[in-house]
Amino acid sequence: MEQYRRTANCGALRRADAGKTVTLNGWVNRKRDHGGIIFINLRDRYGITQTVIDQDAPAELTALAEELHNEYCIAVKGVVRARPDSMINPDMATGEIEVAVEKLVILNKCETLPFQIEEKSNAGEELRLTYRYLDLRSTGMQQRLKLRHETAFAVREWMDANGFYEIETPTFIRSTPEGARDYLVPSRLYSGKFYALPQSPQLYKQLLMVSGFDKYFQIARCYRDEDARGDRQPEFTQIDIEMSFVNRDDVLAMTEALMGHVFKKTLGLDLPAHFKRLSYEEAMETYGTDKPDLRFALPLQDFSPYTAAGNFQAFKDALAAGGAVKALVIPTAAFGKNGSYSRKQIEELEGHAKIYKTKGLAWMKVAGTEAVPLLEGGVSKFFTNAGSLDPSGSSNKELPKAITNGLGAKPGDFILLTADAKRKIANTALGAVRSKLGKDLGLIALPKNGITKPAVFEFVWIVDFPLFEYNEDNQHWETAHHMFSYPQEQYHTSLESDPGSVKGDLYDLVLNGYELASGSIRIHDPDLQKRIFSIVGISAEEAETKFGFLTNAFKYGAPPHGGIAPGLDRLVMLMAGETSIKEVIAFPKNSFAGSPMDNCPGEVEQKQLDELHLSVIPPK
C-alpha cells in the first residue's frame, strides 16, 4: 500500500497543478467507456476527480479498468492535465483538470450495492440505516456531518473566547424524575441498585454554579426512554450552558451572540443582533402554538366580536362556556393557479384539526366586491344578511362587511373557523391547520436537496411561560418545564393559592417552527425550592431522597444562575435544510429506538444477567 498512498485528495487538484504526477485513493463514483477511452470519477470525502485511461494505454491497464464497478476502492497514479475549455465542468471544484492514469490498483472490491450511493438517496429509511456505512459515503451525508463538525467547533470557539469552561458531567447518575423515562444501568457491585443515564446535565450544571464555575458549557450526550413519536432519538446531543449572576436578558443576549457566530462561521450568514420576542400567550393566541413558524403570515384572529350577531349556535355555546372562536384568513393569492380550495381539501384540513381535539372546522368564502362583500358556502348562511341578528334582535345587514373588514379578508379569500369551550384547544387546532397550510400552499421557501440553507431563518424567543400546568388525568399540578425553574418575582406570594396564574422565568428559542433551545433562570433559594416541590406533590422526604444533594448545596451560598440548552442535532438539521435529525447523526436509531445495522438492543448471555443479579420476565 505504501507505494500507492495518496499524495493528493480528490478535491484538491486545480489547473495550477497541471503537469504534476499524483496518486489518488478513493471509491469509484462513476465509470464511463467512450469508445476505448475510459473515464473514472474517483471520490473521497474531499470531492471528486475525473481520471482518464486513454485509448493508447497499455492493454493490462485497460483490462483492469474494465473490471471496475461503482464503489470499488482503488488507487490511481497519473499526471494532472488541464481540460480543454469546451470540456470544463463548472459543477465540479476539480472540473478544470483530469488525471491521465498510468497505474491503477484495486484496493478492495465491492459487492452488489443494496442501493445506489447518490447525493440524496431514494432508498427507504430502514434500508439506509441497515447499511448506514454505505449511506454515509453519499455526498449529502458527508456534507451534513461536515456541517455538524463545523457547528460544534464554532460553538467551542465562541464559548472559549467568551470565558466559558467546557466541563464534563457524569454519564452514570441517580435516577430522578425529569418528565421522560430514564434509561437504567444495573450495578454489578451494588445488587438491586441502578444508575441512570442523564436526560440532561441539569442538576450537575447547577452544582457547578454553586462551585463557582460561573460560565460552564458542554456538548453533552443526553438520553430519554420515550415512546416512538415524532422526530425523537433515544440519545441526542445538546449544547448545555449555565451562567451565574445573570438574569433572563443576559442569557438571551449570550445565545443570540452565539447563534450569530455559528451561522456566520459555518454558513456565512449575518443574523440579526437580537431576535423577536413573543410571550407564550401571544404565541398561542396569534399562531396557535408555542413553536410558531414566522416564515409566513396567516395569523389567527378573534372571531368572537361577530358571533353574537350571527346564528351559529355552536360558536355561541363555546363563548358562553368561556372558550374561544378563532378565524384564519387564507388569501386568494396563496392558492396559486387553482385560485381556490376544494371541498375535499377542506375536509382534509378538518380531519387535521380534529387530531387536536376540536369538534370541527367551519369555513366561508368571501365573494362580491370590497365595497359590497358577500359570504358564500360553509357556515355563511349563519352570518349573511338574511336572518343575521345583532344582540338587540334587529336585522344586521352590515355583518358580512364587518367580518371582512375586521379580519382583513378580500374577495376570493377563504375564512376558516374553529371554536371550543377550551380556548387552548381552539387555538392549538387552528394553529395546526395554519402550519399545514404553510407547507401545502408553498408559503415556505423550502430548500433543495443536500446542504442548501432555507431562504429565511426566522428566530423568535417565546417567554413568560406558565410555570405550572394541571394534569387532568392525575388531578394535580405539574411543572411545565422542570422543577428548578424560577417563578417570576411578582408571583411569589401567590404560588400556593393560585398556581395556574404563575409565570416562570422560562424561555424557548424557536427557529422556523422548531423548538431549538429551552432554558430558565433557576431557583437558588432552598426554601423556595421546597415550596415548588410541595405544589407538585413531592414530599419533604421524597425531595430529600431524590434531590437532597442539590438542595443541600443551595444552603452553602448558591449564586443566582440560569442557563439554556440548544439542541445540536436540531440546529444542524435546520441549518442543513433537512426535516429529520437522522440526516445529521452518523448512526441514529430508527423510529422504534432500534438499530437495524447492528440489531441493538439485543439479548445478552445468562452469565451477564447472573453477574448483575437480574432475571428477564417475558412480556405477557
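How do the residues of the lining of the largest cavity divide into nonpolar, polar and charged?

A: This is a predicted model. The lining of the largest cavity divides into 5 nonpolar, 3 polar and 2 charged residues.

Start with the space itself. The largest cavity holds about 60 Å³. It is lined by 10 residues, and those closest to its centre are I173, R174, T176, L203 and Y204. Helix 5, residues 202-210, gives the largest share of this lining, with 3 residues.

How many cavities are there in total? Counting those of 30 Å³ or more, there are 2. Rolling a probe the size of a water molecule over the atoms shows where empty space is left.

Now take the second largest cavity. Its volume is about 40 Å³. Its lining has another make-up: 1 nonpolar residue, 2 polar and 7 charged. The residues that line it are E118, E119, K120, S121, R128, D135, S138, M141, R144 and E583.

Next come the open spaces. The second largest pocket has a volume of about 650 Å³. Of its 23 lining residues, R45, Y46, G47, T139 and Q143 are the closest to the centre. Three elements each supply at least two lining residues: strand 2 (37-44), strand 3 (47-53) and helix 4 (139-161). Helix 4 gives the largest share, 6 residues. By class, this pocket lining has 7 nonpolar, 9 polar and 7 charged residues. Helix 4 spans 139-161, and M141 and R144 from the lining of the second largest cavity fall in that range.

Finally, the packed part. The largest nonpolar core has 78 residues, and M159, I241, M254, M259, F263 and F459 touch the most other members. Helix 6, residues 248-267, brings the largest share of this core, 8 residues. Look at M254 in detail. Leaving out residues up to four places away in sequence, M254 touches W158, M159, F164, I241, M243 and I564. Two of those partners, M159 and I241, are also listed among the core members that touch the most others.

To recap, the largest cavity is about 60 Å³, with a lining of 5 nonpolar, 3 polar and 2 charged residues. The second largest cavity is about 40 Å³, and 7 of its lining residues are charged.

Terms used: Residues are numbered from 1 along each chain as its sequence is written. This is a predicted model: local features need pLDDT of at least 70, side-chain atom pairs count only at pLDDT 80 or more; totals for chains, interfaces and linings use all residues. Side-chain values use heavy atoms; hydrogens and water are left out. A nonpolar core is a set of buried Ala, Val, Leu, Ile, Met, Phe, Trp, Tyr and Cys residues joined through side-chain atoms within 4.5 Å. Buried means under 20% relative accessible area, exposed over 50%, partly exposed in between (1.4 Å probe, protein chains only). Helices (H or I, at least four residues) and strands (E, at least two) are DSSP runs, numbered from the N terminus. Contact means heavy atoms within 4.5 Å. On a 1 Å grid over the protein atoms alone, a cavity is a set of points where a 1.4 Å probe fits but cannot get out, and a pocket is an open set with protein on both sides within 12 Å along at least five of seven lines; lining residues have an atom within 4 Å of a point. Grid points are joined across faces, edges and corners, and a volume is the space filled by probe spheres set on the points. Ala, Val, Leu, Ile, Met, Phe, Trp, Tyr, Cys and Pro count as nonpolar, Asp, Glu, Lys and Arg as charged, and the others, Gly among them, as polar.
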